[in-house]
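Please look over the structure below.

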Amino acid sequence: MFKIKKDYYAGGLMILLGLIAAIEGQNYNIGTLRQMGPGFFPVALGVLLIFLGLLIAGTSLGTSDEEEHILPERLEWKGWFCIIAGPALFIIFGKLGGLVPATFACVFVAALGDRSTTVKGALILAAGVTVFGVVLFSYLLKMPMPVLKWGLS
Amino acid sequence: MIETALADLTYGFGVALEPHNLMWCIVGVLVGNMVGVLPGMGPLATISILLPLTFGMKPVAAILMLAGIYYGGQYGGAICSILLNLPCHPPHAVTCLDGYPLTKQGKGGTALGITVISSFVGASWGITEMIFLAPVLVQVALQFGPAEVCSLMLLGLLAGSTLARGSPLKGIAMTVLGLLIGLVGADLETGVPRLSFGILELYDGVEIVALALGLFGIAEFMKSINQEIKIDLKYSNVRVRDMWPSGPDLKQSILPMFRGTLIGSLCALIPGTGPTIASFVSYATEKKISKNPGKFGTGAIEGVACPEASTHSSVQGDFIPTMSLGIPGDTTMALLLGALMIQGIVPGPQLISQHPDIFWGLIASFWVGNIALVILNVPMIGLWVKLLTVPYKYLYPSALFFVCIGVYGANNDMFQVGETMVIGIFGYILLLLGFHPAPVLLGFVLGPRFEENFRRAMLISRGDLGVFVERPISAIFIGLCCVLIGAQVFLWLRRMRKSAKGPVDEIVPQAPQPPATSPAE
């Protein structure tokens with residue numbers, strides 16, 4: 001019976017990435033070995049990656065036939081989402097409102113990803129990091145990001 | 001030779017003891033020591049996070065600090081292993097085997113004291129080796145043409161990816177992926193934007209800070225979230241005066257210390273075998289030659305002294321190929337090279353003559369930093385242990401903020417924060433599929449120089465690939481590459497045959513597995 005294995009996906013991903021590089025690389029001049037064009041390396045590395053992907057998937061054929069899980073046992077969708085939301089909010093609020101709202105939103109939402117963190121705890125942590133961040137980056141390191149502003153500019 | 005070395009070293013101390021440089025060196029080792037103790041943070045993640053802060057600094061100060069984080073972190077990692085049985089830092093995993101039993105017997109202080117001494121002995125030897133070996137290597141390397149440089153890089157890449165943790169095949173795939181990511185952006189010769197898929201911001205290439213923080217920051221946070229580590233502080237009350245080892249303990253550990261140092265310095269010279277392999281090999285050796293091997297694992301002081309000395313001698317030795325040839329042996333070294341390149345310094349054999357302040361200043365700062373670590377480590381262990389109780393749930397949101405602002409600050413560009421986020425998600429997918437993404441960075445840093453030299457070599461040889469085996473030095477490197485691949489194929493075949501017959505015998509001693517929050521190393 002066909003069993004799903006981690007390495008099939010791992011190899012598949014490498015084959016996919018290799019294909020992207022090899023196909024995209026053909027848009028540039030490949031040239032010859034003697035006079036290489038910009039497309040030579042992308043195509044060569046892409047083909048190599050496809051080959052490695054095939055090897056990864058191929059060598060796992062003969063190994064044990066237990067079903068393997070790709071996702072970890074405990075799914076942390078909320079945690080993962082909160083961690084990704086952190087930088088996303090940093091970008092949005094950084095563009096709209098400056099350093100203070102960006103920092104606060106980033107830390108607050110990211111902190112909520114932990115199961116045992118309360119809203120109050122996250123608020124305190126976010127406030128603390130914001131103060132620290134403003135002092136360090138705006139006043140001490142003089143980073144040219146406005147502390148507070150309004151709207152896109 | 002000794003006279004010139006001494007003169008250069010005096011000059012180096014002049015650089016390292018400048019107040020500005022001295023300050024950053026101490027800051028580096030302290031920060032390194034601190035994060036070395038914290039479970040879930042490693043030198044690699046810390047150097048990535050602090051990398052953007054160094055853009056405004058002078059090159060010497062920047063590299064002294066970043067290097068300090070690396071070797072300072074090794075001192076901290078040992079504390080974690082010995083007092084808490086947490087092998088969060090791979091090179092120190094093997095120290096747990098005897099360090100923690102010693103702690104349980106109430107001899108944790110002695111173990112730490114011996115660790116500090118062994119570390120210092122190992123590091124001192126590594127630095128001395130660098131002083132004398134690096135200039136010799138440079139003399140050889142200056143004769144290299146593009147073909148030799150290429151084969152040497154190939155060897156470095158192959159060794160870095162196959163000898164690291166995890167499956168060698170996946171390691172190579174990660175390196176190739178890193179090389180591909182390194183291609184993104186305008187071609188060096190023709191200016192054609194490559195693999196940027198029409199995104200204007202990618203014409204300058206992928207930013208090293210974004211790549212490092214995505215892979216070792218965001219991806220690691222995603223892996224470690226809600227994975228509480230149980231920390232048992234029951235035995236970790238160590239007083240400073242417990243740390244002076246008694247005469248017999250010291251006598252027992254002197255020889256293992258020197259053996260460990262030797263093994264570590266040998267491992268440093270083979271590209272790709274970093275401190276982790278050095279500490280495992282030295283522990284296994286020590287156990288083999290011991291009169292009563294049964295003692296190991298129950299609290300033998302030799303089992304602490306030997307791997308620690310070899311870790312530190314290998315950590316310092318790692319800088320030799322990095323600084324003299326421009327070929328990093330592992331990911332942390334690749335990151336340091338990246339930091340140098342950001343400062344506009346071209347790594348390679350010309351570094352010592354063009355930037356003697358960096359090279360000799362760095363060596364002198366190793367002494368300064370190691371002495372500072374020995375002095376500071378002792379009274380501050382209590383503080384570090386307290387730090388251990390800072391839970392990860394407060395650590396990662398704060399670190400995430402540093403990731404965001406660091407990437408933004410590198411170029412004052414929000415696009416790169418988004419880039420980091422995407423790389424982070426991708427990095428986590430790689431982790432889930434059983435890849436260790438560390439070699440990506442190795443490929444990324446070496447990629448552009450590899451391509452440049454390869455193209456040049458082909459131009460000179462008129463497209464004849466035979467040039468790599470016709471020139472003797474290059475042929476040696478290519479031969480070593482073949483040996484590496486051959487050895488991996490051989491090991492794989494043997495494993496396949498064994499797994500068909502029965503359970504696999506482990507060659508290396510089995511250390512406790514790192515908890516889920518181990519840093520990518």
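## Leu269(B)

Leu269(B) sits in helix H10 of chain B, which covers residues 247–269. The model is predicted. Leu269(B) has 16 C-beta neighbours inside 10 Å, so the residue counts as partly exposed. A residue would need 20 or more to be buried, and 12 or fewer to be exposed.

Val407(B) lies 138 residues away from Leu269(B) along the chain. The C-alpha atoms of the two are separated by 34 Å.

## Helix H11 of chain B

Helix H11 of chain B runs over residues 275–289, 15 residues in total. From first C-alpha to last, H11(B) reaches 21 Å. That is close to the 21 Å expected at 1.5 Å a residue.

H11(B) is mostly covered, with eleven of its 15 residues buried. Pro275(B), Phe280(B) and Tyr283(B) are among them. Glu286(B) and Lys287(B) are buried as well. The cover over the buried residues of H11(B) includes H10 and helix H12 (302–317) of chain B.

## Contact between chains B and A

Chain B gives 49 residues to the contact, and chain A gives 56 residues. On the side of chain B that touches chain A, helices H8 (168–183), H9 (208–224), H17 (392–411), H18 (415–432) and H19 (438–460) each supply at least two residues. H17(B) provides the largest share, eleven residues.

How do the residues of this side of chain B divide into nonpolar, polar and charged? There are 33 nonpolar, nine polar and seven charged residues.

Key:
Residues numbered from 1 in each chain as written. Chains lettered and ligands numbered in written order. Predicted model: local features only at pLDDT ≥ 70, side-chain atom pairs only at ≥ 80, totals over all residues. Helix = DSSP H or I, 4+ residues; strand = E, 2+ residues; numbered from the N terminus. Contact = placed C-beta atoms within 7 Å. Nonpolar A, V, L, I, M, F, W, Y, C, P; charged D, E, K, R; others polar. Expected span 1.5 Å × (residues − 1).
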